[in-house]
Amino acid sequence: MSDKIAKDIQDRVLSGELTVGDRLPSERDLMAHYGVGRPAVREALLWLNKTGMLSVSNGDRTRVTEPDPRDMLQLLSGAAKMLVARAEGIRQFQKTRIFVEVALAREAARLATDDDIADLEAVLLRNESCADDIPAFSATDDAFHHRIALIAEDPLLDALYHVVLELLEEQRRTSLSHPESLGKAQAAHRRIFEAIRDHDADRAEAAMRDHLETVIHTYWGIREQASP
């Protein structure tokens, strides 16, 4: 019954009968409307809350919300974590990261404003100042890549970027453990920044692809050396 209730409410939202900000009837009214007990209603509402379609909170009526792309992608995180636990799964997500970030770099070169370029340069300079501090480098590395992602102003791509980066966290930590990784990454970041600054989409794409492929190569080289 909870599945039927969830589908009915979902259909009402998708049809426009319920719109963002609308309050749903109380649980008691929903129980009477569907002829079910409280558990079925609550299960349906909680499922729709997980999908990002509804906001369920104590002390207030459930509301229709604007879906967040991150919420939608997080629904896949369990299966994705199982996939990335295997070597082949890691390779697949590495390819996905290349596809996403190469596209983001290309868009950034095309769309970057003077403010975007100034912000990106400031992040780059912070990253370049962390040559001997791996935790600080990692944080500013994230900030650099994320600032590029923001230039595209695409919430779905931004969400996909974050999900893939989270899944590849172990790869990133491993790659940064190589003694030459920080220097190579900082040089790559400089090339990516300069291409975006110059609005050269082809050069930005090539620089980002080369950077990520180097990270991947370093990761698998360390893995192979660590294998018995």
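Start by selecting glutamine 171: this residue is buried, with a relative accessible area of 2% (buried means under 20%, exposed over 50% and partly exposed in between, using a 1.4 Å probe and protein chains only). You are looking at a predicted model, in which local features need pLDDT of at least 70 and side-chain atom pairs count only at pLDDT 80 or more, while totals for chains, interfaces and linings use all residues. Residues are numbered from 1 along each chain as its sequence is written, and side-chain values use heavy atoms, with hydrogens and water left out.

Glutamine 171 sits in helix α10, residues 169–176 (helices are DSSP runs of H or I with at least four residues, numbered from the N terminus). Show its neighbours next: leaving aside residues up to four places away in sequence, glutamine 171 touches Gln94, Arg97, Val215, Ile216 and Tyr219 (contact means heavy atoms within 4.5 Å).

Now colour α11, residues 181–197, and α12, residues 201–226: they pack at an angle of about 165°, with their axes 8 Å apart (axes are lines fitted to C-alpha atoms over the stretch in contact, and angles run from 0 to 180 degrees between N-to-C directions). The two helices, α11 and α12, are therefore roughly antiparallel to each other, a label for angles over 145 degrees. Among the residues making this contact are Ala188 and Ile192 of α11, and Ala204 and Met208 of α12. The contact residues of α11 with α12 comprise eight nonpolar, five polar and five charged (Ala, Val, Leu, Ile, Met, Phe, Trp, Tyr, Cys and Pro count as nonpolar, Asp, Glu, Lys and Arg as charged, and the others, Gly among them, as polar).

Stay with α11 and pick out its buried residues, including Leu182, Gln186 and Phe193. The buried residues of α11 pack against α6 (87–111), α7 (114–128), α8 (134–151), α10 and α12.

Which residue with a positive phi follows α11? It is histidine 199, with phi near 55°. Histidine 199 lies in the loop between α11 and α12 and is partly exposed, with a relative accessible area of 43%. Most residues other than glycine have a negative phi.

Jump to glutamate 153 for another positive phi, near 55°. Glutamate 153 is in the loop between α8 and α9 (155–167), and counts as exposed at 70% relative accessibility.

Finish at glutamate 121 in helix α7, which is partly exposed at 33% relative accessible area. Select phenylalanine 144 as well: glutamate 121 and phenylalanine 144 are 23 residues apart in sequence and 8.7 Å apart in space, C-alpha to C-alpha.

Technical notes: Angles under 35 degrees count as roughly parallel, over 145 as roughly antiparallel, 65 to 115 as roughly perpendicular and the rest as oblique.
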